[in-house]
Amino acid sequence: MDFAMIFFILVGALSVATAVGVVTSKVAVHSALFLLVHFATLAILYVMLNAQFLAAAQIIVYAGGIVILILFVIMLIGSAPMETRAGYRSWVPYAGLALGVLMLAGMAITILQMPLTPLDPNANQGGVPIVLGVEIYAQNILLVQLAAVLLLVALIGALLLARRPKNDESPISNLQSK
């Protein structure tokens with residue numbers, strides 16, 4: 001193995017480790033910082049795969065924009081450690097498991113139904129936007145739609161997690177009673 005392969009494996013392992021850190025961290029700020037490092041390692045992998053446009057877009061859009069937005073939201077709503085159990089909703093883990101299995105089954109069916117066409121050698125011309133757009137939206141449109149559904153599910157999950165529980169007593173009613 002040459003140096004490039006060893007470097008690729010090390011950066012890939014770091015990318016996987018930071019992705020696991022995003023999911024397993026109980027402090028929201030730590031998750032956001034793990035996400036920032038993950039996006040940076042993905043950009044390094046894109047450069048090694050000769051896709052400089054994708055690397056630049058990864059850094060500018062995701063690391064520069066999305067992670068900063070996430071950090072602003074964390075600062076706005078607070079970053080107390082999250083509880084890992086939801087005792088009042090005992091059906092949530094089962095529903096999550098069922099939906100996860102359903103999603104994996106759908107992805108497996110989609111992958112099995114994809115035509116086995118040989119790779120176009122001109123498909124990766126350094127990440128040229130026109131070639132990239134034609135490749136993504138012509139042949140892999142179903143995968144883009146699956147990614148959109150996954151992002152929608154993540155958005156709904158984030159909204160449900162951020163929703164505050166309804167209290168019987170509001171601060172206004174406390175002030176009026178005094």
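This is a predicted model: local features need pLDDT of at least 70, side-chain atom pairs count only at pLDDT 80 or more; totals for chains, interfaces and linings use all residues.
Hi everyone, thanks for coming. Let's start with the helix pair. Two packed helices are described by the angle between their axes and the distance between the axes. Here the pair is H2, residues 28-48, and H3, residues 52-77. Their axes come within 8 Å and cross at roughly 175 degrees. An angle over 145 degrees counts as roughly antiparallel, so H2 is roughly antiparallel to H3.

Who makes that contact? On the H2 side, the residues include Ala28, Leu35, Phe39 and Tyr46. On the H3 side, they include Gln52, Gln58, Tyr62 and Ile74.

Is Ser31 buried or exposed? Its relative accessibility is 13%, so Ser31 counts as buried. Setting aside residues up to four places away in sequence, Ser31 touches Gly21, Val22 and Ser25. With Val22 there is a polar detail: a polar atom of the Ser31 side chain lies 3.0 Å from the backbone oxygen of Val22.

Our other serine, Ser15, belongs to helix H1, residues 3-24. At 4% relative accessibility, Ser15 counts as buried. Which residues does Ser15 contact, leaving aside neighbours within four places in sequence? They are His38, Thr41, Leu42 and Leu45. Take Leu45: Ser15 and Leu45 are 30 residues apart in sequence, and their C-alpha atoms are 9.1 Å apart in space.

That's my tour, and I'm happy to go back to any of these residues on screen.

Note on methods
Residues are numbered from 1 along each chain as its sequence is written. Side-chain values use heavy atoms; hydrogens and water are left out. Axes are lines fitted to C-alpha atoms, for helices over the stretch in contact, and angles run from 0 to 180 degrees between N-to-C directions. Helices (H or I, at least four residues) and strands (E, at least two) are DSSP runs, numbered from the N terminus. Angles under 35 degrees count as roughly parallel, over 145 as roughly antiparallel, 65 to 115 as roughly perpendicular and the rest as oblique. Contact means heavy atoms within 4.5 Å. Buried means under 20% relative accessible area, exposed over 50%, partly exposed in between (1.4 Å probe, protein chains only). A polar contact is a pair of N or O atoms within 3.5 Å; within protein, one must be able to donate a hydrogen and the other to accept it, and residues adjacent in sequence count only if both atoms are side-chain atoms.
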